[in-house]
Amino acid sequence: MANYGTNEFKGGLKIMLDGDPHSIVSNEFVKPGKGQAFTRTRVRNLKTGRVVERTFKSGESVESADVMDTSMQYLYSDGEHWHFMNPETFEQLAADKTAVGDAALWLMDEAVCEVTLYNGQPLAVTPPNFVEMTIKETDPGLRGDTATGGTKPAHMETGAVVKVPLFIEEGERIKIDTRTGEYVSRVK
Amino acid sequence: MNWQPSASLASLREAARLRRSIRSWMERQQVLEVLTPSLSRAAATDPHVLSMATDDGRYLHTSPEFPMKRLLAAHACIAAQTHGDSVLPTQLQLPELSDCPDIYQIATVFRSEESGRFHNSEFTLLEWYRVGMDHLQLIEDMSSLLKHVWLAFDKPWPGLETRRYGEEVHRRLGLWPEQLDTGTIEQYFLAAGRSYPQAIADDVDAALDLFMDEFVMPEFAADAFTVLMDYPVSQSALARLGQDDDGRAVAQRFELYFGRTELANGFHELSDAAIQRERFEADLHKRDALDVARVPLDENLLQALETGLPDCAGVALGLERLHMAVAQHTHISEVISFDDQRA
């Protein structure tokens, strides 16, 4: 397995720390003019999602993590696993609840997701930034109310609940930003 | 590839104004501008300051300190000869000192493996030496220059506070720097929930460096100057040893900060050639321990010290960071025409 020196650190680099794969979120070079240099990083544990601060002495090296982001198409869920397919090799993989996490709320319609593989197994699933969904249930729309800026909860087919403007009706299709879980626009 | 500069035209104008204001202050103070070589057969020995080697076996300087001190020693020597054999260069008094002028230089310097928000491997140092001054007088002198610069930028003087290294450590750890071991510092990090690199091993000075950066510098006034003085003896570098107000041995060294960013490092200059050689040798041993390549000692400097360096204090100030401070830039690339990535 390859090693990375602190001078190769950059955002997105995947490294092994305490036996778990981590992704570097940010790193900062710290050095007193005449003193020891350090690299202060914020790293995300790819198994738990927790972000912690970790400081390295310059020149330290850490093992790279065998972690790969692959674009995969969502196929279906059997209730226990979510199944994805590599659109180029047609290889299929099943991700469990831990790996899918909140992404489950946005998985439908053969969405192309980023699946993070660790030693070949799905570790995390990132849904597309934007998805389109049909509203399953919401309070009746206030026709013409496009100005007040008020919102109401709307329930999606996947179980996601999104705050939508008051004029939106049940059965309408809307665009959602999955990173924030916020309503973006109506889809005509 | 990116051919465009990293600094805006407005920023380049600020940099020019900064250099102009410095030169006008130096001229008014009758400090002589000098230039010394960027390439040398010898290099700085500091284990944490890495010189770039050229393929003819020389080194790009990391600061113009050594040749500037050689100039001071040479000028003092001439002054002493002019005023008779009874005067030693180190004991020059006024008016002999007028033959041994204060000197300054704005030098491009090079440090390997330094890059980040406040680091560019090629940068500019303003370095100046005041004959007959000690580090305390030099802090006053530096403060006068900074006021002049802030005035040139029509900025209100942000104020300057003095802190003592030992007191900052003692207030938090209950011990003085010379009493510390790495275990005590590591415990403090763990209790505060902060990450502590195991690779520090038993290097107390490295642990102190990180301790200062994690716990002390964040408390410095955000948009004002702080002078940190009375450094631990183990971090004396090229400074004389002296005593603090309580009689503890300290290095007569100071650093200037703006917010928590280090801008300058100054010394009441060590003039004892034998002690200087010991420190160089100690640096080389530390380099061995850290697996950092040895460099040739500057025998010319040692010889100049043997002949006699006049009593003086000197300081090196990073101009890019000063520019960032006075004109509120957040990344060093904004004040360099072409930063490391584009050079």
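Student: How do you know that domain 2 of chain A and domain 3 of chain A are in contact?
Tutor: This is a predicted model, and the test is C-beta atoms within 7 Å. By that test, 5 residues of domain 2 of chain A are in contact with 6 residues of domain 3 of chain A.

Student: What classes of residue make up the side of domain 2 that touches domain 3 in chain A?
Tutor: That side has 5 nonpolar residues, no polar and no charged ones. The C-alpha centres of these two domains of chain A lie 26 Å apart.

Student: Which domains does the assignment give for chain A?
Tutor: Domain 1 covers 3–63, domain 2 covers 67–126 and domain 3 covers 130–186.

Student: Now the contact between the chains. How many residues take part on each side?
Tutor: 18 residues of chain A are in contact with 22 residues of chain B. Strand 3 (20–30) and strand 5 (51–57) of chain A each supply at least two residues of the chain A side. Strand 5 of chain A gives the most, with 5 residues. By class, the chain A side divides into 6 nonpolar, 5 polar and 7 charged.

Student: Why is Glu28(A) called partly exposed?
Tutor: Count the other C-beta atoms within 10 Å: there are 14. Buried needs 20 or more, and exposed needs 12 or fewer. The count of 14 falls in between, so Glu28(A) is partly exposed.

Student: Where is Glu28(A) placed, and what does Glu28(A) touch?
Tutor: Glu28(A) sits in strand 3 of chain A. Leaving out residues up to four places away in sequence, Glu28(A) touches Arg40(A), Gly116(B) and Arg117(B). The C-alpha atoms of Glu28(A) and Thr41(A) are separated by 6.3 Å, although the two are 13 residues apart along the chain.

Student: Turn to chain B. What makes its radius of gyration agree with a compact globule?
Tutor: Set the value against the rule. For 343 residues, a compact globule would have a radius of gyration near 20 Å. Chain B has 20 Å, so the two agree. Along its principal axes, the C-alpha trace of chain B spans about 65 × 50 × 45 Å.

Student: What else describes the fold of chain B?
Tutor: Chain B has 9 helices and 12 strands. Of its 343 residues, 43% are buried. Of the contacts in chain B with a separation of 6 or more, 70% join residues 24 or more positions apart.

Student: Which residues have the most contacts inside the largest nonpolar core?
Tutor: They are Leu72(B), Met142(B), Leu263(B) and Leu317(B), in a core of 66 residues. Helix 2 (residues 65–82) of chain B gives the most to this core, with 7 residues.

Student: Why does this core lie between domain 1 and domain 2 of chain B?
Tutor: Both domain 1 (1–157 + 296–343) and domain 2 (160–223 + 225–258) of chain B give residues to the core, so it lies between them. Another core, of 25 residues, lies apart from it and includes Leu107(A), Val125(A), Ala154(A) and Ile174(A).

Student: What is Leu72(B) in contact with?
Tutor: Beyond its neighbours within four places in sequence, the partners of Leu72(B) are Cys100(B), Ile103(B), Tyr129(B), Val131(B), Leu309(B), Pro310(B) and Cys312(B).

Student: Finally, which scores come with the model?
Tutor: The model scores ipTM 0.88 and pTM 0.83. Chain B averages a pLDDT of 94, and 95% of the residues score at least 70.

Notes:
Residues numbered from 1 in each chain as written. Chains lettered and ligands numbered in written order. Predicted model: local features only at pLDDT ≥ 70, side-chain atom pairs only at ≥ 80, totals over all residues. Core = buried A, V, L, I, M, F, W, Y, C linked by C-beta atoms within 7 Å. Helix = DSSP H or I, 4+ residues; strand = E, 2+ residues; numbered from the N terminus. Domains from an automatic or database assignment. Contact = placed C-beta atoms within 7 Å. Nonpolar A, V, L, I, M, F, W, Y, C, P; charged D, E, K, R; others polar. Rg over C-alpha atoms; globule rule 2.2 N^0.38 Å. pLDDT = per-residue confidence, 0-100.
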